[in-house]
Amino acid sequence: MREISPLSFLSTSLSSVLNEDEVVGAGGSANSNDITIEYCTGCRWMLRSAWLMQELFTTFHSADEIRSITLVPSKPPSPGGTFVIQLNNQIIWDRKQDGGFPESKVLKQIVRNVIAPTKSLGHSDSPPSTSVTSTIAKGKMEEVTTEKNVISDEDNCDECNENREGRNKGDNDKVIGTEVEAVINKSIGDSDGDSSIMIGGGTSLPNVRITYCTGCRWMLRSAWMCQELLTTFEEELHSVTLVPSALSSGIFNIFIDGEMIWDRKIDGGFPEMKVLKQRVRDRIVPERNLGHIDNDDNFQKSNEEVDDDDEMGDDDAAELRNFYGVL
């Protein structure tokens with residue numbers, strides 16, 4: 001077992017998680033541009049992360065530009081206030097280091113400069129009012145001069161800190177300075193590209209992957225399902241990955257750790273959200289109750305049973321008609 005960080009795990013294992021036909025873009029060239037966005041669940045930054053994901057997919061819609069984007073909820077005992085974006089295992093934005101959240105156009109410029117330097121971003125390429133040099137990544141990425149437009153906020157989120165203090169009470173995790181890290185171990189030995197991880201040496205958290213057809217413009221549908229799953233299974237999922245595909249027309253598949261749980265062509269359309277959540281629940285945490293999603297099914301079943309048991313006979317119906325004066 002190797003000890004690695006959540007984002008490092010996703011970045012290094014996506015090639016094995018994605019199918020071979022998803023690695024090759026529409027033009028037939030290899031594409032390994034994978035983006036991960038890790039966000040703090042206590043700070044409620046899931047919607048912000050999902051919005052940036054949709055912005056990037058809308059701008060870089062070609063399958064040759066971005067292979068996948070993964071949202072990774074950061075949960076205790078990881079440090080609070082996390083908002084980190086990585087491109088090909090290189091950090092291109094860190095809220096704590098860059099002083100806030102990136103504006104959409106700044107993030108697009110950073111990504112464009114790495115994956116498609118000649119691509120025009122239209123109005124997003126407008127000259128900045130103030131030019132500030134910012135180191136956005138290390139290694140193969142160079143320092144770029146760009147507009148330092150950020151949405152600043154406090155370094156520490158009170159709500160997040162309170163939540164984490166309450167949830168971490170009694171934890172025996174090692175504290176190094178002010179940093180607390182979970183032990184993330186990759187499950188070794190799976191030949192089918194299992195992307196589940198081991199946290200704290202015992203709990204396996206799975207990855208959900210949604211592959212959708214770019215020609216059918218199903219990105220927004222996929223992003224909505226991603227948000228729904230991360231909202232309902234915030235504690236049970238390690239991440240959700242969206243993979244655009246231009247190779248197979250009409251493709252819409254959903255996987256959990258490489259195991260398909262929905263195929264639009266086989267299952268006859270798109271899943272209702274409650275059906276999808278029930279399938280995910282049955283796969284990762286079968287003992288969990290989904291509240292009204294499960295209650296609605298039970299209510300419908302109970303109504304059907306009542307209707308069957310209390311069916312009115314002809315004599316009863318005639319008596320009621322006479323009572324109310326109905327001919």
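Colleague: Hi! What kind of model is this, and how are the residues numbered?

Modeller: This is a predicted model, where local features need pLDDT of at least 70, side-chain atom pairs count only at pLDDT 80 or more, and totals for chains, interfaces and linings use all residues. Residues are numbered from 1 along each chain as its sequence is written, and side-chain values use heavy atoms, with hydrogens and water left out.

Colleague: Thanks! How many helices and strands does the protein have?

Modeller: The protein has eleven helices and 17 strands. Both are DSSP runs numbered from the N terminus: helices are H or I with at least four residues, strands are E with at least two.

Colleague: And what share of the residues is buried?

Modeller: Of the 327 residues, 47% are buried. Buried means under 20% relative accessible area, exposed means over 50%, and partly exposed is in between, with a 1.4 Å probe and protein chains only.

Colleague: What about contacts along the chain?

Modeller: Taking contacts between residues at least 6 apart in sequence, 71% join residues at least 24 apart. Contact here means heavy atoms within 4.5 Å.

Colleague: Let's talk sheets. What is the strand order in the open sheet of eight strands?

Modeller: The order is β4-β3-β1-β2-β15-β14-β16-β17, and the pairing is mixed. Two strands pair if DSSP finds at least two bridges between them. β4 (90–94) and β17 (259–263) stand at the edges with a single partner strand each, so one side of each has no neighbour in the sheet. From one strand to the next, the twist averages 20°.

Colleague: Which helix packs on that sheet, touching β1, β3 and β4?

Modeller: Helix α5, residues 104–115, packs there, touching β1 (34–40), β3 (83–87) and β4. The direction of α5 makes about 165° with that of β4. For such angles, axes are lines fitted to C-alpha atoms, for helices over the stretch in contact, and the angles run from 0 to 180 degrees between N-to-C directions.

Colleague: How do β3 and β4 pair, parallel or antiparallel?

Modeller: β3 and β4 pair in the antiparallel sense, over four bridges. Val-84 stands opposite Asp-94 in β4. The hairpin of β3 and β4 has two residues between the strands, and Asn-88 in this hairpin takes a positive phi near 55°.

Colleague: Which residue meets Lys-108 in a salt bridge?

Modeller: Glu-55 does, at 2.9 Å from N to O. The pair links distant parts of the chain, with Lys-108 in helix α5 and Glu-55 in helix α3 (residues 46–59), 53 residues apart. Lys-108 is buried at a relative accessible area of 10%, whereas Glu-55 is partly exposed at 24%.

Colleague: What does Arg-112 in helix α5 pair with?

Modeller: Arg-112 meets Asp-125 in a salt bridge, 3.1 Å from N to O. Asp-125 lies in the loop between α5 and β6 (131–134), so the pair ties together parts that are 13 residues apart in sequence. Arg-112 is buried, with a relative accessible area of 10%, while Asp-125 is partly exposed at 30%.

Colleague: Where are Lys-277 and Glu-228?

Modeller: Lys-277 is in helix α9 (residues 273–284) and Glu-228 is in helix α7 (residues 219–232), 49 residues apart. Lys-277 and Glu-228 form a salt bridge, their closest N and O atoms being 2.8 Å apart. Lys-277 counts as buried, at 7% relative accessibility.

Conventions. A salt bridge is a side-chain nitrogen of Lys or Arg within 4 Å of a carboxyl oxygen of Asp or Glu.
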